[in-house]
Amino acid sequence: MTDDPGLAVGERAPNVSGDLVTPDGDVESVALDDLLADGPVLLCFYTADFSPDCVEQWCAFRDFDWFASGDAVQVVGVSKSGVGLHRKFIDRLNLTFPMFSDSDLEIAAAFDVVYRALGVTKRSRRSCFLLDRDRVVRYRWLSHHWLDPTRDVPPVSEIYEAVRERLDIEDPDTFGF
């Protein structure tokens with residue numbers, strides 16, 4: 001891994017594919033281009049289902065209604081967890097996001113976010129990449145926690161503002177409230 005990991009803003013992401021678990025529990029092999037056909041994707045790498053930090057992260061995304069109800073960007077998770085665990089994780093937390101199972105870390109490697117925790121266990125560095133329809137990275141957030149870069153939780157409101165700015169999304173209607 002380089003000193004500045006992760007694909008840079010302006011780089012084109014590879015057309016990776018993998019088993020994607022949908023919120024209703026279906027599983028299919030999906031390529032990134034297929035997801036991008038519906039619009040921009042915010043690809044969020046995390047360590048593993050049910051770890052405390054990951055539960056906190058996905059509950060924050062779930063509770064931030066703009067990501068759940070907006071159609072300007074699709075939020076997609078990526079972790080080392082398997083298909084069965086993803087189904088339980090999505091169900092238990094009532095998530096509305098699809099999740100890639102990246103057990104071999106090939107997707108994480110393609111985005112240069114594989115990290116060796118304490119020099120031993122490989123996992124994904126907690127990170128988020130906003131990709132436009134052409135797979136160009138328009139925004140990225142990477143954990144740089146001093147002890148373990150899987151420990152930081154993405155700042156949802158910062159990511160929201162960056163997505164709005166990069167995709168030129170106007171403020172949602174507040175109906176006077």
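Me: How many salt bridges does a search of the whole structure find?
Reply: The search turns up five salt bridges. Just so you know, this is a predicted model, where local features need pLDDT of at least 70, side-chain atom pairs count only at pLDDT 80 or more, and totals for chains, interfaces and linings use all residues. Residues are numbered from 1 along each chain as its sequence is written, and side-chain values use heavy atoms, with hydrogens and water left out.

Me: Why is Leu 105 called buried?
Reply: Buried means under 20% relative accessible area, exposed over 50%, and partly exposed in between (1.4 Å probe, protein chains only). Leu 105 comes in at 6%, so it counts as buried.

Me: And Glu 165, why is that one called exposed?
Reply: Its relative accessible area is 59%, so the exposed label applies. Glu 165 also forms a salt bridge with Arg 166, with the closest N and O atoms 3.5 Å apart. Arg 166 has 30%, so that residue is partly exposed.

Me: Why are Glu 161 and Arg 164 separated by about one helical turn?
Reply: Because they sit three residues apart in helix α6 (residues 156-167). A helix here is a DSSP run of H or I, at least four residues, numbered from the N terminus.

Key: A salt bridge is a side-chain nitrogen of Lys or Arg within 4 Å of a carboxyl oxygen of Asp or Glu. Helices (H or I, at least four residues) and strands (E, at least two) are DSSP runs, numbered from the N terminus.
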